[in-house]
Amino acid sequence: MPELPEVEALAHHLREHAVGRAVTRIDVVSLSVLKTVTPAYTDLRGREVTGAGRHGKHLDVECGDLHLIVHLARAGWLRWSDDLPAKPPRPGGKNPLALRMHLSADESGDEPNTAPRHVGFDLTEAGTKKGLAAWIVADPAEVPSIAALGPDALDLDRDRLEALLTGETRRIKTVLTDQKTIAGIGNAYSDEILHTARLSPYATPARFTSDDLDALFDALHSVLTAAAARSVGQDAARLKGEKRSGLRVHGRAGLPCPVCGDTVREVSFADKAFQYCATCQTGGKPLADRRLSRLVK
């Protein structure tokens, strides 16, 4: 799932490549992706892309006084192209394409008497479990999931983080991934933050010491800013690989921890899993896993 660093990198890519271009056409391949009816998606046509930003893990494509808000969910992605097909795509079937936005091309470099180029981006989603969502709104706060967001992870200072965690009895892994508490962190970077902070995913924030809070705050900012720095400026197609290359424990079950050499372990749930290092984070004690057959020993 794209998280804060990747969404920030996609927004940066759009600021570099889409801002200043006009929307010439939108192809909606999957109607279920659009969560709003008014304004209509056709209302974006002719509007200039004036900016691109982020609200937690939501991407915001600004088109004058309207916003195309996108949540990429677990398997969604934005793919930029300097040569989109001119022919409208067919809806339905197993096509991962959900929405295509055509933008005006810079014709200055085109050869005379050639067909105009179609530049823009596709919103795609792999797999059968669809969660990709798009809204067209005048104010991003009209999107319920944006209105409910907690403070952005990179906007937190140490005191604000302490205030959020005071009296918190949920597991820290759950807290970090709750967008209503802290916006922008998902499964992957919460694993990385907790590993860097040397905290158990099952630790209870209400019991944290001052040193624990210091470690968590430092890890949260260092992990996210480093990931964003690696991602921003990368071609959109390379972002997923860049994310994987920078991870120390997430997605690395069975491999050695790069800090201590112990085997990275995994706890699995019905539809997701997280990874951790017992030596670095839990005093050498493995955490209970409901699916023991998948426990890395």
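I began with helix α5, where A188, Y189, S190, D191, E192, I193, L194, H195 and A197 are buried. Buried here means under 20% relative accessible area, exposed over 50%, and partly exposed in between, with a 1.4 Å probe and protein chains only. Helices (H or I, at least four residues) and strands (E, at least two) are DSSP runs, numbered from the N terminus.

The model is predicted: local features need pLDDT of at least 70, side-chain atom pairs count only at pLDDT 80 or more, and totals for chains, interfaces and linings use all residues. Residues are numbered from 1 along each chain as its sequence is written, and side-chain values use heavy atoms, with hydrogens and water left out.

I noted that α5 spans residues 187-197 and is mostly covered, with nine of its 11 residues buried. Just after α5, I found R198 with a positive phi of about 60 degrees.

Next I looked up T282, in the segment after α8 (278-281). I logged T282 as buried because its relative accessibility is 18%. Setting aside neighbours within four places in sequence, I listed S200, Y276, C277 and L287 as contacts of T282; contact means heavy atoms within 4.5 Å. I also checked T282 against H195: they are 87 residues apart along the chain, and their C-alpha atoms are separated by 9.9 Å.

Last, I turned to strand β7 (residues 119-125), where seven of seven residues are buried. I found β7 paired antiparallel with β5 (residues 76-81) over six bridges, and antiparallel with β6 (residues 97-103) over six bridges. Two strands pair if DSSP finds at least two bridges between them. In β7, F121 is the bridge partner of W80 and of M101.
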